[in-house]
Every structure is written in C-alpha cells, then in structure tokens.
Amino acid sequence: MLLEVIFDNIGDFQQVHCIAPLLPVIAGIGGLIGIIITYFSSKKKPVKVETIKENGICILGPELSGKTQLLSALRGVSYTEFHHSQMEKYKEFEVFLAGEKIKVKAGFDIGGEEFKVKSYPKLIENSDIIFFTFDSYEYLNNPEYRTNDVNARLFFIHKHIGNKPTVIFGTHLDKFAEGDRKNIIKRILNTIKNEKYSTLLEDNFTVMDLRETDKLNDYLKDIIIK
Ligand SMILES: Nc1nc2c(ncn2[C@@H]2O[C@H](COP(=O)(O)OP(=O)(O)OP(=O)(O)O)[C@@H](O)[C@H]2O)c(=O)[nH]1
Ligand SMILES: [Mg+2]
C-alpha cells in the first residue's frame, strides 16, 4: 500500500517534470487563444434591427374629397362606397412611400364633416405623415368651398403641424375639361400665395384623378419626406 503511494507520487512527479519544459509553450498558446477570443468577441456582432419604421398617418380633408379613396390605394384594397363619412378602423399595413417600404400603424379612416376638424390637432400629434385631400374642381369654382372647407382647414393644420411632412392632393382633376387641366396646380397656388399656410403645398402637392391607382402609386413612390 505504502509502495503504491510512493510509486504514484513518483509517477506524478515524473509527469510534472516532463511537462515543465513545455509550460512556456502552453502558456504562449493559451495567451494566443485568449487574444483571438478577445479580438473576435470585441468585434461588433451584427444587430438584428427592424428596418421598417412604423409610421402613424392621418388623412384629413373635407367631405367627399377622396380620403377613403386614397386610404384604399395606400392599403392596396379596392374602394367601396360603403366607407362614406364613417369612422372606420383599419389594420396596420405596408406601403411604398418616398422610395421605401413603410409600415403604417393601425388607425381610423376619418370622415370629412366640419365638426371633425377639432380632432385635427390630436390626429396630427399622433401622426408622422399628414395627408390632405380636397376637390380641386370645387376649389377653383366654388369660393365658399375654397374658403370654408379647404383654406380654413389648411390654416388650422399649418398652425398645428410643426415640421411634419405633408402630402396633399387636389382630387377630381377629371372634372375639368381636358383642355383646362394643365395649369391647375399653378392656379391653386396663386389663390393662396400670400397666406402663411401656402408653405404646406410647397412639397408633395399635386392634382389628379385619385381613382387612377397606378398613377397615384407611382406618385407616392417618388414623394419627398424629409
Ligand atoms: N371623379 C373622381 N372621383 C373621385 C376622385 N377621388 C375620389 N373620387 C370619388 O369621390 C367619392 C368620394 O370619395 P371618398 O374617398 O369616399 O371621399 P371621402 O373624403 O372619404 O369622403 P368622406 O368620408 O365622406 O369625408 C367616391 O365615389 C370616390 O370614388 C377623383 O379624383 N375623381
Ligand atoms: Mg371617407
């Protein structure tokens, strides 16, 4: 028994003795491995980020100006008359805007009645992009519509919007005789050129027949959102 212990210890002693000259080499390799591990772990791992930002939008404008038509095109669903002036909830959806795919938060399709204007500040506050539609034919041919239904709302929106981007459509271009459709944007801008809220129409303002979905989607792809 005692001999076994002695021989065991001699064995250990011999092993330690054999390994001893190799210790600096082992330490060197260990150090190298340590450096490699430190190098790779210090390198930034690719972080999986959500590339599509979620945006809140609101579509404002007077009655029958094309808000639901526009929303349907953005959502890629067909328009149905059923939506008239309803406060309808829509689910989140994705759309190509300003050159990128944008995720739009769930929200409400708002009717254009005048009493709903008081909810504009809250709607604007909760939105990243503000859309506005008005009937361009009525605007240029009906002074009351121009002043009360459109300009009053633009004035109010301008007051509350801060730096948020707007996308504005003069709709129902098709109501003009074909020969009269060329200068509509200029004529509209001319009527409000001295108003502060005219700045709202500096970017992303156009006139069109909003039912022309392909044209509308092409336009939306190229808008500028700063
Ligand atoms: N001709 C023509 N019709 C349009 C145009 N844009 C929308 N419409 C039609 O006008 C009607 C009213 O459009 P909506 O999108 O429902 O209007 P809205 O602004 O949502 O109206 P409210 O919800 O009542 O405030 C519908 O029949 C649309 O198809 C357009 O540019 N030209
Ligand atoms: Mg509607």
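Modeller: Start with one term: two residues are in contact if their C-beta atoms, placed from the backbone, lie within 7 Å. The model here is predicted.

Biologist: Which residues is Phe131 in contact with, leaving aside its neighbours within four places in sequence?

Modeller: Ile57, Cys58, Ile59, Leu60, Leu70 and Val167 are the contacts of Phe131 once those neighbours are left out.

Biologist: Which residues have the most contacts inside the largest nonpolar core?

Modeller: That core has 33 residues, and Cys58, Ile59, Leu60, Leu70, Ile130, Phe131 and Ile157 have the most contacts inside it. Among the elements that give it two or more residues are strand 2 (57–60), strand 7 (129–135), helix 3, helix 6 (143–161) and strand 8 (166–171). The largest share, five residues, comes from strand 7.

Biologist: How many helices and strands does the chain have?

Modeller: The chain has eight helices and nine strands. Of its 226 residues, 25% count as buried. For contacts between residues at least 6 apart in sequence, 73% join residues at least 24 apart.

Biologist: Now the sheets. What holds strands together in a sheet?

Modeller: Strands pair through backbone hydrogen bonds, in a parallel or an antiparallel sense. In this model, one open sheet has four strands in the order 2-7-8-9, with parallel pairing. Strand 2 and strand 9 (205–207) are its edge strands, each pairing on one side only. From one strand to the next, the twist averages 15 degrees.

Biologist: How many bridges join strand 7 to strand 8?

Modeller: Six bridges join these two parallel strands. One pair to find in the structure is Asp135 with its bridge partner in strand 8, Thr171.

Biologist: What is the order of strands in the open sheet of three strands?

Modeller: The order is 1-5-4, and the pairing is mixed. Strand 1 (54–55) and strand 4 are the edge strands, each pairing on one side only. Strand 4 (residues 93–97) pairs with strand 5 in the antiparallel sense over five bridges. Along that pairing, Glu94 has Lys103 in strand 5 as its bridge partner, and Leu97 stands opposite Glu100.

Biologist: What lies between strand 4 and strand 5 in their hairpin?

Modeller: Two residues lie between the strands, and in this hairpin Ala98 takes a positive phi near 50 degrees.

Biologist: Which other residues have a positive phi without being glycine?

Modeller: His172 is one of them, with phi near 55 degrees. His172 lies in the loop between strand 8 and helix 7 (184–191). Asn204 is another, with phi near 50 degrees; Asn204 is in the loop between helix 7 and strand 9. A glycine case is Gly76, which follows helix 3 and has a positive phi near 75 degrees.

Biologist: Are His172 and Asn204 buried or exposed?

Modeller: The test counts C-beta atoms: a residue is buried if 20 or more others lie within 10 Å of its own. His172 is buried because it has 22. Asn204 is buried because it has 21.

Biologist: Why is Arg153 counted as buried?

Modeller: Arg153 is buried because 20 other C-beta atoms lie within 10 Å. Arg153 has its place in helix 6. Not counting residues up to four places away in sequence, Arg153 touches Leu60 and Val117. C-alpha to C-alpha, Arg153 and Glu114 are 9.2 Å apart in space, while 39 residues separate them in sequence.

Biologist: Why is helix 3 described as largely enclosed by the rest of the structure?

Modeller: Eight of the nine residues of helix 3 are buried, so the helix is largely enclosed. The buried residues of helix 3 are Lys67, Thr68, Gln69, Leu70, Leu71, Ser72, Ala73 and Leu74.

Biologist: Which residues come nearest to ligand 1?

Modeller: There are 21 residues around ligand 1, and Gly66, Lys67, Thr68, Gln69 and Gly112 come nearest. Helix 3 (residues 67–75) gives the largest share of this shell, three residues.

Biologist: How do the residues of that shell divide into nonpolar, polar and charged?

Modeller: The shell around ligand 1 has three nonpolar, twelve polar and six charged residues.

Conventions. Residues numbered from 1 in each chain as written. Chains lettered and ligands numbered in written order. Predicted model: local features only at pLDDT ≥ 70, side-chain atom pairs only at ≥ 80, totals over all residues. Near = placed C-beta within 6 Å. Nonpolar A, V, L, I, M, F, W, Y, C, P; charged D, E, K, R; others polar. Buried ≥ 20, exposed ≤ 12 C-beta atoms within 10 Å, placed from the backbone. Core = buried A, V, L, I, M, F, W, Y, C linked by C-beta atoms within 7 Å. Pairing = 2+ DSSP bridges. Axes fitted to C-alpha atoms, helices over the stretch in contact; angles between N-to-C directions.
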